[in-house]
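The stops below go from the whole chain to a single side chain.

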Amino acid sequence: MKSYNKIQKFMYGRYGVDELNKFLLWLYIFLLIFDLFLNNIVLTILELLTILIIIYRSFSRKIYRRSSENKVYLRLRRNLKKPFEVIEKNIKDKNHVYKKCLKCKTILKLPLPDKRGFKHTKCPTCKRKITLFTLKKQKIEIIKN
């Protein structure tokens, strides 16, 4: 218990770990595995720089600067993930179809119809008519003998 208290005292007033540090750690692991196969000096230098940045950010006392760096990273990550949001929702949810309104960019959650063909709906935000083409809802049954 004494060593835990010492670590806790040492980390008091320091920044610690955030989402950017987690991303950098995953980047370091990826570079390390990739470097095992290629054994390249450039990758080794990148690994070293990545781990030094992680350590510097974790032990830094400039909390405001580190948090602003993390906010920039989170904004960038959100903007990169945004185009794939509808695709991800369509893969996860099997009972609904997600469609993005082209005018106001609202994501609409539509029930999966029983019949195939064109379905028409209105966007609740901008009242624009949206046409959706769907195939028939099918379930695959596995029959065991």
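The tour starts with the overall fold and ends at one residue.

This is a predicted model: local features need pLDDT of at least 70, side-chain atom pairs count only at pLDDT 80 or more, and totals for chains, interfaces and linings use all residues. Residues are numbered from 1 along each chain as its sequence is written, and side-chain values use heavy atoms, with hydrogens and water left out.

**Whole chain.** Colour by secondary structure. You get 5 helices and 4 strands, in the order α-α-α-α-α-β-β-β-β. Helices (H or I, at least four residues) and strands (E, at least two) are DSSP runs, numbered from the N terminus. The radius of gyration, taken over C-alpha atoms, is 24 Å, well over the 15 Å that the globule rule gives for 145 residues, so the protein is more spread out than a compact globule. That rule is 2.2 Å times the number of residues to the power 0.38. Along the principal axes, the C-alpha trace spans about 65 × 50 × 40 Å.

**Burial.** Buried residues (under 20% relative accessible area, 1.4 Å probe, protein chains only) make up 22% of the 145 residues.

**Helix H3.** Select residues 41-59, then pick Glu47 within that helix. What does Glu47 touch, leaving out residues up to four places away in sequence? Show Tyr28, Leu31, Leu32 and Asp35; contact means heavy atoms within 4.5 Å.

**Last stop.** Glu47 is buried yet has no salt bridge (a side-chain nitrogen of Lys or Arg within 4 Å of a carboxyl oxygen of Asp or Glu). Lys and Arg count as positive, Asp and Glu as negative; His and the chain ends are not counted.

Technical notes
Buried < 20%, exposed > 50% of the residue type's maximum accessible area, 1.4 Å probe, protein only.
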